[in-house]
Amino acid sequence: MAVNTTEHLIADMERVRIHLGIGQWLLYGGSWGSTLILAYAERFPERVSGIVLVGVTCSRRREIDWLYRGVGRLLPAEWERFRAVVPGDGDLVEGYRLLMEDPDPTIRRNAAVEWCRWEDAVIAHESLGSPGQYSGKPDTAMLAFVRICTHYFAHAAWLDEGVLLREAGRLAGIPGELIHGRLDLSAPLETAWELAKAWPDARLHVIDDSGHTGSPAMGEAVVRAIARFA
């Protein structure tokens, strides 16, 4: 995991681009992927022809704190169970990260199960999307997912707080489509709204019936957004 960081991923993207001989490319992704895309595009704006983001995040500590603590105000019973796995009153995400590095496979699996149970609680209301998708992963995929999530979020993706919004001016001239569900509790609309204000070439589309895992209307919006660049 020491060589699995945002900087390593940006470098990997550049290696892929160069290997394939691509001068400029359209970047498309969602959730954490939007954080990586913004970090890459602000580093190499001349390599990007356009951007489509779904479920916009910037992986700020305030966003991470909301998902793994703040939203617990709406789900007190579920959050109490999630919180109880980590002893003491320290950083909850860091506590889970340490559990996912424990040499005991039973401890790792139990931590992954409880992490995914919490993630599912946050999206349980998304009847038009994919409620329950996290706990439904096979064990190997679930363990990998939680290990990577805790690794990145415990370090706030190795990004200075708020840097992606502060540096959004570097995206000037790059057309963007931001697609976000109004019902998204995992990544509230606020971040997409702030990004749209800081990036004049981006258009924000708010999907009223969608949460973080999408809906048919969100799928249609994604197709239209990508077609803009065809």
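Trainee: What volume does the largest pocket have?
Mentor: About 520 Å³. Keep in mind that this is a predicted model.

Trainee: Which residues are closest to its centre?
Mentor: Ser31, Trp32, Cys149, Phe153 and His212.

Trainee: How does the lining of the largest pocket divide by residue type?
Mentor: 13 nonpolar, 9 polar and 3 charged.

Trainee: Next one down. What's the volume of the second largest pocket?
Mentor: About 220 Å³. It is lined by 13 residues, and Asp65, Arg69, Asp91, Leu92 and Val93 are the closest to its centre.

Trainee: Which helices supply at least two residues there?
Mentor: Four entries to note: helix 3, helix 4 (76-84), helix 5 (92-100) and helix 7. The largest share of the lining of the second largest pocket comes from helix 3, with 4 residues.

Trainee: What about residue types in that lining?
Mentor: The second largest pocket has 7 nonpolar, 1 polar and 5 charged residues in its lining.

Trainee: Switching to packing. At what angle do helix 6 and helix 7 pack?
Mentor: About 80°, with the axes 9 Å apart. Helix 6 covers residues 105-122.

Trainee: So what do we call that arrangement of helix 6 and helix 7?
Mentor: Roughly perpendicular, because angles of 65 to 115 degrees count that way.

Trainee: Which residues of helix 6 make the contact?
Mentor: Arg108, Arg109, Ala112, Val113, Trp115, Cys116 and Glu119. On the helix 7 side they are Asp139, Met142, Leu143, Phe145, Val146, Cys149 and Thr150.

Trainee: On to the backbone. What is phi of alanine 157?
Mentor: Near 60°. That is a positive value in a residue other than glycine.

Trainee: Where is alanine 157 found?
Mentor: In the loop between helix 7 and helix 8 (163-166).

Trainee: Is alanine 157 buried or exposed?
Mentor: Buried, because its relative accessible area is 0% and the cut-off is under 20%.

Trainee: And tryptophan 158, where does that lie?
Mentor: In the loop between helix 7 and helix 8. Phi of tryptophan 158 is near 55°, again positive in a residue other than glycine.

Trainee: How much relative accessible area does tryptophan 158 have?
Mentor: 35%, so tryptophan 158 is partly exposed.

Trainee: Last topic, cavities. How many of 30 Å³ or more does a search of the whole structure find?
Mentor: The search finds 1. The largest cavity holds about 40 Å³ of space.

Trainee: What lines the largest cavity?
Mentor: Cys58, Ser59 and Arg60 are among the lining residues. Ala156, Leu159, Asp160, Glu161, Gly162, Val163 and Leu164 line the cavity too.

Trainee: And how do those residues divide?
Mentor: The lining of the largest cavity has 5 nonpolar, 2 polar and 3 charged residues.

Trainee: Why use a probe to look for such spaces?
Mentor: Rolling a probe the size of a water molecule over the atoms shows where empty space remains.

Key. Residues numbered from 1 in each chain as written. Predicted model: local features only at pLDDT ≥ 70, side-chain atom pairs only at ≥ 80, totals over all residues. Heavy atoms only, no water. 1 Å grid on protein atoms, 1.4 Å probe; cavity = no way out; pocket = protein on both sides within 12 Å on 5 of 7 lines; lining within 4 Å. Points joined across faces, edges and corners; volume = space filled by probe spheres on them. Nonpolar A, V, L, I, M, F, W, Y, C, P; charged D, E, K, R; others polar. Axes fitted to C-alpha atoms, helices over the stretch in contact; angles between N-to-C directions. Parallel < 35°, antiparallel > 145°, perpendicular 65-115°, else oblique. Contact = heavy atoms within 4.5 Å. Buried < 20%, exposed > 50% of the residue type's maximum accessible area, 1.4 Å probe, protein only.
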